[in-house]
Amino acid sequence: MAKVALISCNITQDPYPVYPLGMSMVAEAVRSHGHDVVEFDITVQGKDALNIQKFIRGNQPGYIGLSLRNVDSVNYNKPDVYIEDYKNVVKAVREVTSAPIILGGSAYTIFPALILDELKADYGVAGEGEDAFCHLLDQLETDPDSAYRIYYNYPQLSEFSAFKRNDFLAEYYMKHGGMLSVQTKRGCPHRCAYCSYPVLEGNYYRFRHPEDVVDEIEMLIQTYHADYYAITDSVFNDSQSKYLLIAEELVRRGIQVPWMCFLRPDNFTKDEVTLLERSGLDAIEWGTDCATDITLKAMQKDFRWEQVVHSNNLFARFNISNAHFIIFGGPQETYDT
């Protein structure tokens with residue numbers, strides 16, 4: 001059994017601080033694999049070198065995993081790049097231990113070889129980390145000379161969950177972010193021109209069982225006293241309407257804690273929105289991205305502007321808050337569009 005330290009390196013708090021769900025999923029998998037795991041979040045516990053080094057010295061881990069969530073701020077007005085922050089974390093760790101440093105997370109997965117070289121870490125896990133991280137640990141424990149520098153998660157997982165959160169971190173994010181989060185599926189079959197989700201999670205949906213999802217939601221409510229939660233799927237609604245099975249299960253169990261999600265504009269029916277409202281849906285962030293049929297098509301969106309208007313107005317009639325995000329200056333954009 002090895003001692004493993006996992007460090008969430010995300011410092012982005014706009015529009016609100018987000019619990020490091022990916023790190024919890026990997027932590028739970030590594031514990032189930034027989035290892036001792038400790039977690040550190042620089043948003044909560046501080047990104048100063050002294051704080052990080054105190055954590056490392058106090059735990060003396062044999063392996064250290066860094067979760068890299070964002071490459072940059074994706075903000076034209078304030079284009080922050082986080083690579084230097086990640087370098088500082090690596091530097092702080094290197095000063096107090098020779099334990100191998102393993103990179104992972106969504107930012108790392110987009111540029112695995114480049115970021116591994118740039119940060120001068122030892123190993124990387126690209127893609128889903130639950131199984132690949134454990135396989136890498138097995139290799140390092142038994143035959144480190146034969147370990148690959150980068151482990152790619154393949155095939156993709158058919159089952160995944162996070163039935164435990166870090167108590168200390170959950171309390172912080174409930175207080176400062178206002179919610180905890182749950183993932184109901186991975187992957188995305190849509191082909192939006194700018195999006196990295198198919199690279200991160202694959203280009204087809206992998207669904208969790210609705211009962212398991214609602215079990216996890218109940219756990220968040222009962223164990224961590226969550227009075228609001230977010231469904232973090234890149235797009236919650238799907239063409240097979242399996243997302244509605246989760247809403248039905250929430251209604252069946254009488255769970256009415258409010259929640260939010262990301263939706264794709266579509267031809268929703270009144271009955272569907274009624275069900276979602278009864279299950280506690282309180283707010284939506286729409287993947288609208290463009291403001292005309294011309295630019296929607298150029299961005300490879302597979303819906304039309306009339307569906308945006310229909311979706312917005314139908315949910316608004318049920319007092320469900322709508323937020324739309326528009327990318328200006330994309331393909332075929334003009335002053336008229």
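# Questions on strands, helices and burial

Student: Which residue in strand 11 is the bridge partner of Ala 230?

Tutor: In this predicted model, the bridge partner of Ala 230 in strand 11 is Met 260.

Student: What makes strand 10 and strand 11 a pair?

Tutor: Two strands count as paired if there are at least two bridges between them. In general, strands of a sheet pair through backbone hydrogen bonds.

Student: Why are strand 7 and strand 13 called edge strands?

Tutor: The open sheet has 5 strands, ordered 7-10-11-12-13 and paired in parallel. Strand 7 (180–182) and strand 13 (321–326) each pair on one side only, and they are the edge strands. On average, neighbouring strands of this sheet are turned by 20° against each other, direction ignored.

Student: What lies across strand 7 and strand 10?

Tutor: Helix 10 (residues 210–224) does, and its angle to strand 7 is about 160°.

Student: Which residues of helix 11 are buried, and what covers them?

Tutor: In helix 11 (residues 243–252), the buried residues are Tyr 243, Leu 244, Ile 246, Ala 247, Glu 249 and Leu 250. Their cover includes helix 10, strand 10, strand 11 and helix 12 (270–278). After helix 11 comes Gly 254, with a positive phi near 75°.

Student: What makes helix 3 oblique to helix 4?

Tutor: The axes of helix 3 (residues 49–59) and helix 4 (residues 83–94) come within 9 Å and cross at roughly 45°, so helix 3 is oblique to helix 4. This crossing is right-handed. Ala 49, Ile 52, Gln 53 and Ile 56 of helix 3 make the contact with Val 89, Ala 92 and Val 93 of helix 4. The contact has 6 nonpolar residues, 1 polar and no charged.

Student: How do you know whether Thr 43 is buried or exposed?

Tutor: Compare its relative accessibility with the cut-off. Buried means under 20%; Thr 43 has 13%, so it counts as buried. Thr 43 lies in helix 2 (residues 42–45). Apart from neighbours within four places in sequence, Thr 43 is in contact with Asn 10, Ile 11, Gln 13, Tyr 172 and Tyr 173. Cys 9 is 34 residues from Thr 43 in sequence, and their C-alpha atoms are 7.5 Å apart.

Student: Why is strand 1 called largely enclosed?

Tutor: Strand 1 (residues 3–8) has 6 residues and 5 of them are buried, so the rest of the structure largely encloses it. Strand 1 pairs in parallel with strand 2 (residues 36–41) over 6 bridges. In strand 2, Asp 36 is the bridge partner of Lys 3.

Note on methods: Residues are numbered from 1 along each chain as its sequence is written. This is a predicted model: local features need pLDDT of at least 70, side-chain atom pairs count only at pLDDT 80 or more; totals for chains, interfaces and linings use all residues. Side-chain values use heavy atoms; hydrogens and water are left out. Helices (H or I, at least four residues) and strands (E, at least two) are DSSP runs, numbered from the N terminus. Axes are lines fitted to C-alpha atoms, for helices over the stretch in contact, and angles run from 0 to 180 degrees between N-to-C directions. Contact means heavy atoms within 4.5 Å. Buried means under 20% relative accessible area, exposed over 50%, partly exposed in between (1.4 Å probe, protein chains only). Angles under 35 degrees count as roughly parallel, over 145 as roughly antiparallel, 65 to 115 as roughly perpendicular and the rest as oblique. A crossing is left-handed if the near helix is turned anticlockwise from the far one by less than a right angle, and right-handed if clockwise. Ala, Val, Leu, Ile, Met, Phe, Trp, Tyr, Cys and Pro count as nonpolar, Asp, Glu, Lys and Arg as charged, and the others, Gly among them, as polar.
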